[in-house]
Amino acid sequence: MSLLSITALDIRHGLLQAVREVSFQVEQGETVALIGANGAGKTTLLRGIAGSHRPWRGQIRLDGTDITKMPTYQRVAMGIALVPEGRRLFAAMTVEENLLIARASGRKGDWTVDRVMETFPMLKPRRHARCGTLSGGEQQATAIGRALMTNPRLLLLDEVSLGLSPLAVNLVYKSVEALISSGATIVLVEQDLNRALKVANRVMCMLEGKIVVEGNAGTLTREQITDAYFGHQKRARVE
Amino acid sequence: MAFLTALVEGVLLGGYYAMLACGLSFMFGVMRIINLAHGSLAIVAAFALWTIADRYEYDPFLALIVVLPVMGGLGWLLQRGILERSARSGELIPILSTFGLAIVVENVLFECFGADIRSLAPYVGSLAYDSFDLGGGSYIGELAVLTFAVAILLLGGLQLFLTYTPLGRQIRATAEDPDTVELVGVNSRFVNAMAASIALVTVGLAGLFLALRSNFDPYAGSLQLIFAFEAGVIGGTGSLWGTLAGGIILGLAQTLGAHIHPQGFLLAGHAVFLLVLVGRLYISRHALRGFLKARLGW
Amino acid sequence: MTADPRISIQRWTNLSIGVAVVVAVLFVVLAAGPAFLSENLIDRLTVLFIYVCLAVMWNALAGYGGMISAGQQAFFGLGGYLAIRLSEWGVEPYVALILAALLAGVFSLPISAIVLRLRAGEFAIGMWVIAEVVRLLVNLDPIIQGDTGRSLIALATFDAVERRDYTYWLALVSMCFLLAVIFVMLRSRLGSSIQAIRDNEEAAASVGVRVLVTKRIIFVTAAIGCALAGGLWLATFTTFQPRSFFGIQWSAYMIFMVLVGGIGRFEGPILGAIIFFLIELWFGTAGVWYLVILGLTALLFSLFLPGGIWGYIEDRFHVLLLPVGYRVRMPGPSAEDADASQSVTAK
């Protein structure tokens with residue numbers, strides 16, 4: 001059974017339909033990259049999976065359990081963790097406090113504050129610094145660490161490279177690769193096509209709320225992807 | 001010397017105001033709601049304590065053991081029953097809801113207890129009248145000192161709670177970003193209800209000290225709400241210690257004003273409040289203009 | 001892209017023209033009231049007109065300006081007080097009423113400088129504080145003997161019938177005047193600014209709506225309106241008592257009327273005032289339970305029907321009696337068949 005199963009999902013922002021009839025599956029241990037232009041619906045889709053947006057129609061299943069109607073904090077308890085676009089750290093609280101608060105979900109697992117410090121060594125000297133004073137890279141590390149503290153089964157990363165210097169992005173992605181090699185299941189939204197193709201097993205491209213191209217990172221050509229990105233092709237399934 | 005006594009009195013009065021205001025500021029900080037029923041709920045606590053003291057002859061301080069948890073429960077009900085629902089319609093509707101609640105509460109109290117003015121002072125021996133001799137003919141009330149001490153303990157306790165306990169962290173995070181807090185597994189509805197409970201427990205405590213230091217009647221809540229609001233605004237929303245500063249400034253203004261004119265107590269307090277309000281607006285605009293001048297050469 | 005000539009923007013519908021005619025007839029009938037209505041009824045209608053004034057003004061503040069005030073009694077009481085003060089200085093009583101209202105408008109300007117930048121709940125209590133301050137200051141005037149109050153003695157120059165009729169007409173004219181002012185405001189460019197601010201203040205500011213100016217206009221208008229109501233109340237009941245004129249119950253009444261009638265709609269406060277008037281007629285003697293019921297009703301409406309009764313009717317049946325909005329008439333399947341055309345209403 002797939003870890004994550006999305007069926008005919010329809011999410012609306014007021015009158016705007018942001019996600020249209022999206023269906024896909026994510027297997028345990030996979031890394032799926034979600035790409036597409038701004039406004040394609042990627043963030044809304046991730047937030048819909050995490051529970052911040054209630055879908056108009058459709059189903060979301062985690063390991064077979066229907067979580068479509070479940071409130072956000074319960075989904076975290078079931079093992080979904082979202083690192084939101086723009087980090088959304090609690091700026092007035094310290095790095096450690098941001099990490100500790102994620103223990104509210106009550107999920108048992110290996111992640112502790114110390115382990116996060118080991119995974120992101122740049123945070124060690126900033127452990128008691130208020131998050132508002134951190135650099136972009138440090139904030140991103142804290143945000144990912146915060147999500148990890150909930151001991152997730154499915155990690156959703158929304159544009160972790162946003163607003164970061166190339167050096168910081170390298171560091172963040174090194175940690176992401178480490179997570180992948182330890183067996184994590186990840187869905188990530190990424191603007192940088194190269195990075196997305198490098199880390200992901202599978203790629204899905206969204207356009208105006210729909211998935212227009214889906215396939216393995218290795219077999220999809222750049223042409224197919226850019227065509228789909230800019231809408232030159234109808235949805236094609238490539239093996 | 002009288003002036004010095006007035007100063008001390010004013011500061012001690014500030015302790016009461018801080019205790020009264022912290023619940024209002026707390027609720028606003030976490031849920032962005034100004035509870036217009038705040039004052040009348042303090043009167044509810046006062047009447048509850050009075051009933052226990054008068055009818056069952058328990059010491060009012062002991063009666064807190066019953067009244068404070070009940071207030072906490074009321075806070076929970078208030079949040080889950082009224083505030084949560086009204087907040088969904090925007091930020092204006094909760095004002096109307098809590099105002100309606102205040103009207104209901106004070107008039108129900110009137111129906112139950114009538115117009116008579118009451119006080120808890122007769123039930124605590126001579127605490128309300130005893131004073132410490134400062135020498136030179138000036139005295140300060142024991143009750144005033146006790147109130148101030150309790151206020152400090154309350155604020156300190158709240159601060160420690162918010163800083164070091166998991167629930168305290170969750171409350172702080174929910175206050176900052178209620179959407180993201182859910183994404184890390186915090187049940188924000190539960191947290192808001194707990195915050196409301198805590199706020200009303202402090203209201204209950206304030207009700208005790210109000211009833212001890214002065215008289216109260218079913219309609220006394222309005223004035224207490226205004227004082228709580230003024231103390232909070234003067235001190236600046238944001239920190240508990242700011243609320244203490246605000247309370248002290250208000251207490252000082254009122255006490256000194258009373259020495260100048262019989263109506264001075266209330267007028268001086270309101271005047272300082274309005275001054276702070278205007279000052280804050282004026283300073284913001286000035287700073288803004290300066291900033292624009294420097295950055296854009298306007 | 002040229003505009004399709006078959007699409008027209010309408011302000012008046014057949015229904016609203018009909019309603020406008022009915023309203024005009026009603027006004028004429030009411031104006032002739034003293035000729036054929038009993039004294040008791042004249043008195044009651046005067047009170048109803050005053051309630052409508054208060055409701056319409058509070059709705060202008062809250063429903064259109066987004067400013068919830070728990071302190072309009074400041075101006076209600078100020079209207080009464082200034083009328084007495086002016087009368088003491090020899091101004092003719094009914095002139096004093098009107099002047100008092102205008103003066104209250106002048107006083108509202110510095111007040112607006114303090115309170116208008118306050119947000120939501122802070123504005124509500126801020127106005128409550130203002131009301132308290134005004135009450136305290138008024139109490140300092142020696143002609144107001146504290147709680148005993150003071151009568152508008154100069155009214156005694158009129159005989160009882162004259163006083164009743166003049167007050168009635170002034171109330172009727174005031175009500176119509178205030179309604180007309182709000183109506184014109186809403187139909188003008190100011191009205192669009194108001195709607196924009198109500199929907200999203202920041203967005204409105206970003207497209208150039210002068211938020212503060214718009215709010216100030218509404219605030220001053222509401223001050224004048226409430227002061228006028230206060231003066232009329234004084235003329236009806238002759239005695240000015242600070243505690244009663246500056247009491248918080250006036251805010252409770254206004255909130256009840258607007259919340260139950262329909263906040264943010266033109267017809268809402270009128271309906272609310274009528275309902276409030278009737279409830280007071282039937283239950284007013286129930287003492288304090290009456291206030292409990294008012295408060296409870298306001299609370300329940302705020303939770304379950306925040307749009308009020310008129311809001312419910314308008315949304316459910318798409319009825320628009322008075323033309324404060326716009327209707328876009330789109331051409332239907334046959335361009336000649338106007339009745340088959342769809343219309344999209346923007347309010």
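Colleague: Is helix 6 of chain B mostly covered or mostly open?
Modeller: Mostly covered: eight of the 11 residues in helix 6 (residues 166–176) of chain B are buried. Buried means under 20% relative accessible area, with a 1.4 Å probe and protein chains only. Helices are DSSP runs (H or I, at least four residues), numbered from the N terminus. This is a predicted model: local features need pLDDT of at least 70, side-chain atom pairs count only at pLDDT 80 or more, and totals for chains, interfaces and linings use all residues. Residues are numbered from 1 along each chain as its sequence is written, chains are lettered from A and ligands numbered from 1 in the order written, and side-chain values use heavy atoms, leaving out hydrogens and water.

Colleague: Which residues are buried there?
Modeller: Among them are B:Leu167, B:Arg169 and B:Ile171.

Colleague: And what covers them?
Modeller: The cover includes helix 3 (95–101) of chain A, plus helix 1 (2–31), helix 5, helix 7 (178–183) and helix 8 of chain B.

Colleague: Switching to chains. Which pair shares the most contacts?
Modeller: Chains B and C, of two pairs in contact (heavy atoms within 4.5 Å). There, 41 residues of chain B meet 40 of chain C.

Colleague: How much area do chain B and chain C bury?
Modeller: About 3700 Å², 84% of it on carbon and sulfur atoms. That is accessible area (1.4 Å probe) lost on being put together, summed over both parts. B:Leu96, B:Phe99 and B:Leu281 supply 16% of what chain B buries against chain C.

Colleague: How far apart are chain A and chain C?
Modeller: They do not touch; their nearest C-alpha atoms are 14 Å apart.

Conventions: Buried < 20%, exposed > 50% of the residue type's maximum accessible area, 1.4 Å probe, protein only. Helix = DSSP H or I, 4+ residues; strand = E, 2+ residues; numbered from the N terminus. Buried area = accessible area lost by both parts, 1.4 Å probe.
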